[in-house]
Amino acid sequence: QGCTCQAGFTGVIAPAAQGYSGKCTAAACPDHSSGTDIISGCTCNAGYFGAVTAKIGAPFYDGGCTAWGCSPGTGSQCQSCVEQSKRSQADHCATCNEGFYIDEPGCKAIAADQKCGGATCAKSCEGEKCGFKCAGSLFGQEECARDCKGVECGSQCIGGNCASACQGLECGYYCQGTECARKCEGGRCGSYCSGEKGSQGHCAYQCKGRQCGFQCIGAMCAAECTGDRCAYRCQGSHEDVGTCGTKCNGLECAYRCEGSSCAELCEGERCGFGCTSGSGNSQTCAKQCKGDECGSGCVGGLCAAQCNGRKCAYQCSGVNGEQQACGSECVGALCAAKCTGAECAKGCKGDFCGKECSGTSGAKSHCAAGCVGRRCAAKCKGAYCAAGCQGVGCANGCEGDHCDDGCTGDHCSKGATPSSTCQEALDGNPNLCGLKTSFKDEVIFAGEDAKDVCCSKTDCPAGYELVNGACERPKCKGKLVQGCYLTNYTQCDSTYIKYATEYIQCGVSGPNCLSDAVCSIAE
């Protein structure tokens, strides 16, 4: 009599002379859903809701996908609706009626403390809090408080370009909009801004100020910012477009950013220091950064690759990426020295670059391979780590069956015997390095100068600076003040502005508080 196909399958199985004829085939997903077939599972498309389950007999499924509806109206109802594919619920608004603003996905009445609502309200206002909480639309080109001037003008504004060119200490603070506070100017302008998380998330983009764009949210938020800690802890998407803080310029800009390419091309001593690339295809946070410790503790397959700085990519981790090449091709005395990843520090250039790098097990363990520099790749771990290295003692002490293959340079093999150690040299001459850092655990080979091997070429202790190759106290026209860290307000004169944040800035012309020793204004 034939057979019935199981739930989710279409077809007819009928008796035949040789047994049976026909077959059962998995039924296709219904309209407005995506998937290989009903058996594999069907998911409703964006803008639709529901569920699809397998069933015996036509149409071979129960349920389905229904469009989120939207009906424009008056008051708190939508003035217009977002396109179908962007709806996440019923009545998902694109614009609101007079007296209301977008509080996605609906409309919310403008509160009494909101100065205005509308596309251009308070556009060029001047005043301490003018344009405060002005409300436009999150997705549109609304420009409320766009060119405002004042300490907190445009703060907490809502609109595509709200406070985009504001000027003031905290102007555009907590703004919401794809390009809000985009080119703001002020110490903390655009801090905590929230841009759309797609490719248009440009809030605080190109902002100028010491902490501008601080902890911003958006794919490219605070990219190209300028300021000591601008884009610090910015949050971009972990997908391929996560470029918050890219090209930032400042001492610690994009310091702990999150995003696939966040802090890429940044410039600053510790820019992109602890950046995290996530798990997407692109893992290049802090790539090509420039700064003493830029990308030093980054996480990502290619994070801080091609960086330039004394300790850039120093302890980078590339183990999450397919290429595992964090800090590769870096340039700096200690760049990627303690990196982790199959090809981390590969091709690095610097006296101690890639030293003690750790590759993974297997044939791809090439960390620091091809490095150039005295002791580069020394003590590395990996099957081929240090292979092809160039420099005196470059593969000395490496661990791996082929780790010193093809090395060039005096005493470059892993078993080369040193003539003495830096500890012994320093015991014999405690002033060998003067004020500079000494490498006590380093070894000295025959023909090498102890001072050249054991003493840092650039390092100076805290409170000193390198002047013509020597460490000297910085010249200060005023009195020297130790750093004013955290809640120690007593070190800030009453005429200065005080921040109750991670650091306190004692005014524009006062101590910078990011350093251990700073100069106050001349008395």
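**Salt bridges and the chain around them**

Guide: Let's start with one pair. Glu-442 forms a salt bridge with Arg-375, and their closest N and O atoms are 3.0 Å apart. Keep in mind that this is a predicted model.

Visitor: Where do Glu-442 and Arg-375 lie?
Guide: Glu-442 is in the loop between α1 (422-428) and β14. Arg-375 is in the loop between β12 and β13. The two are 67 residues apart in sequence, so the pair ties those parts together.

Visitor: Is Glu-442 buried or exposed?
Guide: Buried. Its relative accessibility is 4%, and the cut-off for buried is under 20%.

Visitor: What about Arg-375, buried or exposed?
Guide: Arg-375 counts as buried too, because its relative accessibility is 1%.

Visitor: Why would such side chains pair up at all?
Guide: Side chains of opposite charge can pair when their charged atoms come close.

Visitor: Which residues are linked in a network of salt bridges?
Guide: The network links Lys-355, Arg-374, Arg-375, Glu-442, Glu-448 and Asp-452.

Visitor: What do Arg-374 and Glu-448 do there?
Guide: Their side chains meet in a salt bridge, 3.0 Å from N to O. This pair links distant parts of the chain, 74 residues apart. Arg-374 sits in the loop between β12 and β13. Glu-448 sits in the loop between β14 (443-444) and α2 (450-454).

Visitor: Are Arg-374 and Glu-448 buried or exposed?
Guide: Both Arg-374 and Glu-448 are buried.

Visitor: Now Arg-188. Which side chain does it meet in a salt bridge?
Guide: That of Glu-170, at 3.3 Å from N to O. Arg-188 and Glu-170 are 18 residues apart, and each is in the loop between β12 (106-109) and β13 (420-421). Arg-188 is buried, as is Glu-170.

Visitor: How many salt bridges does the count come to?
Guide: The count is 15 salt bridges.

Visitor: Switching topic. How many helices and strands does the chain have?
Guide: Two helices and 18 strands.

Visitor: And what share of the residues count as buried?
Guide: The chain has 523 residues, and 47% of them count as buried.

Visitor: Last one, on contacts. What share comes from residues 24 or more positions apart?
Guide: They account for 20% of the chain's contacts with a separation of 6 or more.

Definitions and conventions: Residues are numbered from 1 along each chain as its sequence is written. This is a predicted model: local features need pLDDT of at least 70, side-chain atom pairs count only at pLDDT 80 or more; totals for chains, interfaces and linings use all residues. Side-chain values use heavy atoms; hydrogens and water are left out. A salt bridge is a side-chain nitrogen of Lys or Arg within 4 Å of a carboxyl oxygen of Asp or Glu. Helices (H or I, at least four residues) and strands (E, at least two) are DSSP runs, numbered from the N terminus. Buried means under 20% relative accessible area, exposed over 50%, partly exposed in between (1.4 Å probe, protein chains only). Contact means heavy atoms within 4.5 Å.
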